[in-house]
Amino acid sequence: MINFIKLTIACFTIWVSTALLNALMAGTWLAVYSNEYDPWIQAFAIVFGCTLIFSVPAMFIFWLVLLSARHNPLLFRLLLKTGFIVSSLSSLLLFKLHMDEVQGQQLFLILFIVISSISSIMLHHQPLKSIIKNKNQGRA
């Protein structure tokens with residue numbers, strides 16, 4: 001039960017750190033290259049909020065994969081693939097939403113979403129590895 005809580009917390013921190021990384025990159029990009037957002041903090045806040053809201057289904061899928069494959073020796077590779085797929089699918093929403101504020105910026109914003117997702121998963125490699133290692137030692 002303790003490892004379930006640790007894995008859930010790890011998934012939550014991956015979600016929040018992905019949103020922060022995306023907000024830093026995309027917020028800076030929009031503040032510099034978009035005419036809609038003058039102050040950087042406004043662009044950062046909007047991107048951070050939108051990332052958290054629109055990535056909820058993707059993080060739910062990621063969390064289910066994490067919990068169901070936690071005994072898989074190739075877990076980290078599976079999580080990277082899952083993160084890439086769900087972030088790519090989530091970012092396709094930018095093409096479907098016709099927002100004048102990001103017209104012409106979608107390609108860069110999609111790239112930032114995928115990069116932040118993969119980076120966040122990679123930053124959590126060691127904590128995930130230690131949680132899984134502790135779980136496997138408990139079973140032996």
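The dialogue below asks how the labels put on this predicted model follow from its computed values.

Student: What kind of model is this, and what are the ground rules?

Tutor: This is a predicted model, in which local features need pLDDT of at least 70, side-chain atom pairs count only at pLDDT 80 or more, and totals for chains, interfaces and linings use all residues. Residues are numbered from 1 along each chain as its sequence is written, and side-chain values use heavy atoms, with hydrogens and water left out.

Student: How many helices and strands does the protein chain have?

Tutor: Seven helices and zero strands. Helices are DSSP runs of H or I with at least four residues, strands are E runs of at least two, and both are numbered from the N terminus. The order is α-α-α-α-α-α-α from the N terminus on.

Student: Why is Phe84 called partly exposed?

Tutor: Buried means under 20% relative accessible area, exposed means over 50%, and partly exposed lies in between (1.4 Å probe, protein chains only). Phe84 has 45% relative accessibility, so it counts as partly exposed. Its place is in helix H4, residues 75–91.

Student: What makes Phe84 part of a nonpolar patch?

Tutor: Patch residues have over 30% relative accessible area and no salt bridge; nonpolar side chains (Val, Leu, Ile, Met, Phe, Trp, Tyr) are joined within 5 Å, like charges within 9 Å. A salt bridge puts a side-chain nitrogen of Lys or Arg within 4 Å of a carboxyl oxygen of Asp or Glu. Phe84 forms the surface patch with Ile85, Leu89 and Leu92. Together they have about 400 Å² of accessible area, by the Shrake-Rupley method with a 1.4 Å probe, where for residues only the protein chains shown count as cover.

Student: Which residues does Phe84 touch, not counting those up to four places away in sequence?

Tutor: Val114 and Ile118. Contact means heavy atoms within 4.5 Å. The C-alpha atoms of Phe84 and Val114 are separated by 6.3 Å, though the two are 30 residues apart along the chain.

Student: How do you know that the span of H4 agrees with expectation?

Tutor: The expected span is 1.5 Å times one less than the number of residues. The 17 residues of H4 should therefore span 24 Å, and its end C-alpha atoms are 24 Å apart, which agrees.

Student: What puts the buried residues of H3 on the same side?

Tutor: Ala58, Met59, Phe62, Leu66 and Leu67 are buried in H3. They cover an arc of only 165° around the axis, which puts them on the same side of H3. Helix H3 (residues 56–68) has 13 residues and reaches 18 Å from first C-alpha to last, close to the 18 Å expected.

Student: Why is Ile110 called buried?

Tutor: Its relative accessible area is 13%, so Ile110 falls under the cut-off. Ile110 is found in helix H6. Other buried residues there include Leu109, Phe112 and Ile113. The C-alpha atoms of Ile110 and Ser87 are separated by 8.6 Å. H6 (residues 106–123) reaches 25 Å, close to the 26 Å expected for its 18 residues.

Student: What makes Ser34 count as buried?

Tutor: It has 8% relative accessibility, so Ser34 counts as buried. Ser34 sits in the loop between helix H1 (2–33) and helix H2 (40–54). The C-alpha atoms of Ser34 and Gly104 are 9.1 Å apart.

Student: What do the totals for the chain say?

Tutor: Of its 140 residues, 38% count as buried. The accessible surface is about 8,300 Å², with 71% belonging to carbon and sulfur atoms. Among contacts with a separation of 6 or more, 72% join residues 24 or more positions apart.

Technical notes: Arc of directions from axis to C-beta.
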